[in-house]
Amino acid sequence: MKNYTITVNGKSYDVTVEEGAGSASAPRSQAVAAPAAAPAAPVAGSGAGSVRIEAGAAGKVFKLNVPVGTAVKKGDTVLTLEVMKMETPVVAAQDGTVASIEVTEGQQVEAGDLLATMN
């Protein structure tokens, strides 16, 4: 438990923060999400491919740039997220083939959500 003093518009508030208390969200996997614009790290996954591409930040799927089965090079944009009103490319971490797309255009995603997989 940690105590903090926060000032908002000139008014101070004392707050206490307890780790893990009252969390309504489901536990996340142990995999660490890469930043949205950075290559995703290869880890074992539940999708069709062996390389997971995860959201680095919460946002909305703006555009699916490539269909399943497309060969991509390291750094190619697989899909684009809209994060804080900015288009953010999500790129391939390595050369390979897109094995699955796990989201649809317009879908809201959270940081760490599986977006696609590659082989």
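Strand β8 is joined to strand β10 (residues 114-118) by 3 bridges, and the two run antiparallel; strands here are DSSP runs of E of at least two residues, numbered from the N terminus, and two strands count as paired if DSSP finds at least two bridges between them. Within this pairing, S100 stands opposite T117 in β10. Strand β8 (residues 96-101) also pairs in the antiparallel sense with strand β5 (residues 71-72), over 2 bridges, and there V72 stands opposite G96 in β8.

T117, which lies in strand β10, counts as buried because its relative accessibility is 0%, the term buried meaning under 20% relative accessible area with a 1.4 Å probe and protein chains only. The side chains of T117 and S100 are joined by a polar contact of 2.5 Å, and the side chain of T117 also reaches the backbone nitrogen of G49, at 2.9 Å. A polar contact is a pair of N or O atoms within 3.5 Å; within protein, one atom must be able to donate a hydrogen and the other to accept it, and residues adjacent in sequence count only if both atoms are side-chain atoms.

## Basis and confidence of the model

This is a predicted model, in which local features need pLDDT of at least 70 and side-chain atom pairs count only at pLDDT 80 or more, while totals for chains, interfaces and linings use all residues. Residues are numbered from 1 along each chain as its sequence is written, and side-chain values use heavy atoms, with hydrogens and water left out.

The mean pLDDT of the chain is 79, and 76% of its residues reach 70 or more, pLDDT being the predictor's confidence in each residue on a scale from 0 to 100. Over residues 25-46 the pLDDT is below 50, although this stretch has 47 contacts in the model beyond near neighbours in sequence; a contact means heavy atoms within 4.5 Å. Where pLDDT is low, the predicted coordinates should not be read in detail.

## The chain as a whole

The secondary structure comprises 0 helices and 10 strands. Of the 119 residues in the chain, 29% are buried, and the chain exposes about 7500 Å², of which carbon and sulfur atoms supply 52%; these areas come from the Shrake-Rupley method with a 1.4 Å probe. Among contacts between residues at least 6 apart in sequence, 49% join residues at least 24 apart.

## The four-stranded sheet

An open sheet of 4 strands has the order β7-β6-β4-β9, with antiparallel pairing. Its edge strands are β7 (86-91) and β9 (108-109), each of which pairs on one side only. Strand β4 (residues 59-64) is joined to strand β6 (residues 77-83) by 4 bridges, with L81 in β6 as the bridge partner of V61. Strand β6 is in turn joined to β7 by 6 bridges in an antiparallel arrangement, where P89 in β7 is the bridge partner of T80. The hairpin of β6 and β7 has 2 residues between the strands, and in this hairpin M84 takes a positive phi near 50°.

## G59 in strand β4

G59 lies in strand β4 and is buried, with a relative accessible area of 12%. Leaving aside its neighbours within four places in sequence, G59 is in contact with E82, Q107, Q108 and V109. The C-alpha atoms of G59 and M84 are separated by 7.1 Å, although the two residues stand 25 residues apart along the chain.

Notes:
Buried means under 20% relative accessible area, exposed over 50%, partly exposed in between (1.4 Å probe, protein chains only).
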